[in-house]
Amino acid sequence: GAGQAEMYAGLQELGVANGEDLKETLTNCTEPLKAIEQFQTENGVLLPSLQYALPFLDLHGTPRLEFHQSVFDELREKLLERVSAIALEGKVEERYKKLEDLLEKSFSLVKMPSIQPVVMCVMKHLPKVPEKKLKLVMADKDLYKACAVEVKRQIWQDNQALFGDEVSPLLKQYILEKENILFSNDISFLQNFFSPSPKTRRQGEVVQKLTQMIGKNVKLYDMVLQFLRTLFLRTRNVHYCTLRAELLMSLHDLEISEICTVDPCHKFTWCLDACIREKFVDNKRARELQGFLDGVKKGQEQVLGDLSMILCDPFAINTLALSTIRHLQDLVGQDTLPRESPDLLLLLRMLSLGQGAWDMIDSQVFKEPKMEAELITRFLPLLMSFVVDDHTFTVDQKLPSEEKGPIPYPSTIPEAFTKFLQENRIACEIGLYYILHITKQRNKNAFLRLLPALVETFSDLAFSDIFLHLLTGNLTLLSDEFALEEFCTSLFDGFFLTACSRKENVHRHVLRLLLHLHHKVAPAKLESLQKALEPTKQSGEAVKELYNQLGEKLELRKPSPAEVTETPSMELPLPTVPTPASR
């Protein structure tokens with residue numbers, strides 16, 4: 001049958017008899033038993049001592065096939081060991097010559113399942129498998145599958161489309177994993193999207209597989225970077241920027257200097273990686289990063305495209321934004337203006353470069369974005385004035401109130417603040433991080449004061465998944481406020497529900513939040529929210545699924561409100577967190 005033919009593929013070319021030959025012999029002979037005996041003698045293992053041993057095995061009922069198979073397996077193991085040894089011994093040219101000869105002799109048997117591992121092993125150890133053999137392997141699906149990654153690399157480097165087919169599902173998986181974390185049902189301010197350290201993230205399956213596929217091959221590394229750039233341009237999805245940095249740092253961990261030394265971003269990324277690990281850019285590293293940016297030479301500006309992509313990684317932006325907020329608080333304490341702080345200016349410069357990545361790669365115009373003076377002279381001082389308002393209010397609360405009634409918390413927002421959030425990307429990013437910061441401090445007054453500014457922001461940043469993921473996590477710290485009508489109306493009606501119908505992702509985040517905190521919300525409010533959040537015909541599966549989960553939880557709650565006294569584990573009383581300014 002066809003299976004038989006496959007099993008003995010290529011033996012005839014080598015002058016070795018196979019099943020077909022035996023069939024022919026038996027068809028054309030007069031004494032079949034004699035013919036079989038002769039075939040066995042001619043094609044058996046040629047060892048004199050076996051002449052007597054084989055009949056002895058026959059007596060024990062051991063089939064000849066079993067004996068030959070075990071001899072064969074033993075020999076194959078020895079051969080595989082020998083091939084691996086040849087690959088390491090003697091002069092380079094000589095050892096590869098030996099392997100090439102061996103490949104020439106054995107390649108015709110590559111389809112025989114029993115011999116295939118040997119042929120594959122020979123190819124694996126050849127730094128350059130002959131083109132003709134690679135083409136044959138590539139043309140045969142099963143052979144291609146059975147190949148070692150070392151051989152596949154040689155095929156891929158001249159076949160970008162084939163390599164793309166291998167890489168593409170991994171990139172899809174990577175993006176999906178990121179989105180699953182952002183939409184995860186576990187909401188907590190302790191554990192969020194940015195919690196895992198860079199080292200931990202690089203152990204992820206996709207990064208490890210890509211690292212393995214690339215090996216030390218610069219050409220393949222460049223291809224992957226090209227895929228990432230193209231996908232980033234096509235989708236504007238910033239997770240591709242994260243993967244760009246993770247891949248480089250994964251090769252760095254393995255000390256693959258062949259690639260690290262030729263990637264002009266290597267040292268910059270390495271330094272930034274240390275900052276991301278600490279979630280803070282300290283002065284020493286700030287100097288180092290600035291040195292790299294200032295060191296971009298005339299004629300090499302294209303490296304800015306790569307650096308901007310590294311800085312556009314959400315983990316980098318998160319680190320730069322958190323550091324900016326900390327610097328602003330320190331400046332309030334030191335009575336210093338933003339424009340007098342070189343460290344702060346550098347953070348803004350890197351934020352601009354990161355936020356400008358898409359435009360730069362799209363336009364292919366490689367120069368640093370111009371920093372708007374207004375951002376430094378007007379917007380940041382505004383944020384600092386909010387910090388001052390908080391200090392003043394806190395101090396006022398502590399003063400003995402004589403005739404004067406309690407001083408109300410300032411409730412209006414300067415119009416300039418709202419305008420900046422709408423028109424300036426960097427201002428918007430920093431403003432959003434400031435709001436996350438006050439939420440994390442459980443500063444309800446400041447939160448409710450600034451919330452209305454989030455309804456319309458630059459390119460809808462306040463409704464982006466990363467911001468909403470962080471905001472929902474931090475809001476668990478204000479969980480007791482959800483019992484208050486005013487708080488819920490501001491948060492839900494004033495913010496979330498303004499975008500739910502036009503943005504599926506916002507709908508999902510609100511449902512995630514309610515699944516987590518429904519037991520804190522006043523029943524009447526909960527009922528109206530349940531109506532408002534009902535999925536429409538256009539809603540996706542994820543929204544419907546979350547809505548049903550919420551419905552089930554609320555059904556369980558109905559019978560006796562008295563039972564809902566136990567607090568969920570997240571709501572343990574927390575020690576009060578000192579503001580970073582007081583360090």
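Colleague: Is aspartate 306 buried or exposed?

Modeller: Aspartate 306 counts as buried, because its relative accessibility is 14%. Buried means under 20% relative accessible area, exposed over 50%, partly exposed in between (1.4 Å probe, protein chains only). This is a predicted model: local features need pLDDT of at least 70, side-chain atom pairs pLDDT 80 or more, while totals for chains, interfaces and linings use all residues. Numbering runs from 1 along each chain as its sequence is written, and side-chain values use heavy atoms, without hydrogens and water.

Colleague: Which residues does aspartate 306 touch?

Modeller: Arg229, Arg244 and Cys265, leaving aside residues up to four places away in sequence. Contact is heavy atoms within 4.5 Å.

Colleague: And which helix holds aspartate 306?

Modeller: α19, residues 303-312. Helices are DSSP runs (H or I, at least four residues), numbered from the N terminus.

Colleague: Switching to α15. How many of its residues are buried?

Modeller: 14 of the 15, so α15 is largely enclosed by the rest of the structure. Glutamate 255 follows α15 and has a positive phi, near 55°.

Colleague: What about α10: how many residues are buried there?

Modeller: Seven of eight. They pack against several helices, including α7 (116-124) and α14 (218-235).

Colleague: Last topic. Which helix gives the most to the lining of the largest cavity?

Modeller: α17, with four residues. α12 and α15 each supply at least two.
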